[in-house]
Amino acid sequence: MSREANAPAWPAGPVPAGAPLIRLEAIHKWFGSLHVLKGIDIDLAYGHVLVVIGTSGSGKSTLLRCIDMLEEPTSGHVWFKGRDITDVRVNLNEVRTHMGIVFQAFNLFPHRTALGNITLALEKVLHMPREQARERAMAELEHVGLAQKALSHPGQLSGGEQQRVAIARALAMRPDLILFDEVTSALDPKLVAEVLAVMKRLASEGTTMVVVTHEMGFAREVGTHVVFMDEGVIVEQGEPKAVFDNPAHERTRRFLSSVL
């Protein structure tokens with residue numbers, strides 16, 4: 001059954017009292033015979049930072065893509081702001097205006113300036129007047145420290161600057177949640193710090209985030225909750241200090257000893 005284009009509008013109000021912003025219930029994902037996610041359960045409260053760590057191939061990025069339904073779970077439910085977005089009646093395009101996602105690849109339009117990359121969705125998706133879109137885009141470029149690069153094209157920017165433009169683009173939509181998928185892994189080490197600094201600032205401002213990363217220092221310092229995944233399951237989760245300083249499972253200890 002296809003999703004209905006005229007599905008009810010997404011609720012614009014706050015999260016229902018006592019409900020998590022995001023809840024994943026028994027999420028399974030198969031790609032053919034490959035069982036990538038094996039019964040994932042996660043709650044994320046508004047204003048918290050969930051950091052997902054684990055080895056390559058453990059299902060971290062697939063999990064992130066299931067949250068905003070870029071990959072539809074084979075079974076299970078994703079609840080966002082109190083509503084089951086796996087329901088076929090939900091208009092996912094509307095839902096995604098309330099979620100931002102930033103990928104490892106910057107995905108900027110090379111023929112548009114930094115400013116133009118941000119205003120495009122504001123004008124085309126939110127139907128914002130051009131001047132209002134420019135004003136908001138400039139505010140977000142300033143937020144990530146790139147106001148002076150507003151008229152630069154992606155080819156004129158460093159990798160770190162391009163990733164910060166991608167973050168500004170996500171922020172400009174005023175999402176309830178931002179997903180980050182290994183956003184520093186394609187950067188030279190000297191550029192990683194400037195992107196992580198922006199993400200730390202967002203966390204300090206109360207931005208709700210799910211972050212898939214190999215940056216253990218960031219996970220320990222900024223995360224309010226850490227999830228360690230291996231072979232498609234959550235092996236261990238909890239507050240960063242508990243997971244990093246006193247892991248309960250041998251698989252977690254082996255992973256941390258290999259990356260720290």
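Arg23 is partly exposed, with a relative accessible area of 31%; partly exposed is the range between buried (under 20% relative accessible area) and exposed (over 50%), using a 1.4 Å probe and protein chains only. The model is predicted, so local features need pLDDT of at least 70 and side-chain atom pairs count only at pLDDT 80 or more, while totals for chains, interfaces and linings use all residues. Residues are numbered from 1 along each chain as its sequence is written, and side-chain values use heavy atoms, with hydrogens and water left out.

**Arg23 and its partner**

- Arg23 and Asp43 form a salt bridge, with 2.9 Å between the closest N and O atoms; the term stands for a side-chain nitrogen of Lys or Arg within 4 Å of a carboxyl oxygen of Asp or Glu.
- Because Arg23 sits in strand E1 (residues 22-31) and Asp43 in strand E2 (residues 34-44), their pairing ties together parts that are 20 residues apart in sequence.
- Helices (H or I, at least four residues) and strands (E, at least two) are DSSP runs, numbered from the N terminus.
- Asp43 is also partly exposed, at a relative accessible area of 44%.
- In general, side chains of opposite charge can pair when their charged atoms come close.

**A network around Glu71**

- Salt bridges link Lys29, Arg65 and Glu71 in a network.
- Between Lys29 and Glu71, the closest N and O atoms are 3.7 Å apart.
- Lys29 belongs to strand E1, and Glu71 to the loop between helix H1 (60-67) and strand E4 (75-80), so this pair ties together parts that are 42 residues apart in sequence.
- Arg65 meets Glu71 in a salt bridge too, at 3.9 Å from N to O.
- Lys29 counts as buried, at 9% relative accessibility, whereas Arg65 counts as partly exposed, at 27%.
- Across the whole structure, a search finds 13 salt bridges.

**Helix H3**

- Helix H3 (residues 114-124) is largely enclosed by the rest of the structure, because eight of its 11 residues are buried.
- Among the buried residues of H3 are Ala114, Gly116, Asn117, Ile118 and Leu122.
- Those buried residues of H3 pack against helix H4 (130-143) and helix H5 (159-172), where contact means heavy atoms within 4.5 Å.

**The annotated span**

- An unreviewed UniProt entry carries the annotation "domain: ABC transporter" for residues 22-256; such annotations may be inferred rather than shown by experiment, and their positions are given in the numbering used here, with feature names shortened.
- In the model, residues 22-256 are 37% helix and 26% strand, and the end C-alpha atoms of this span lie 27 Å apart.
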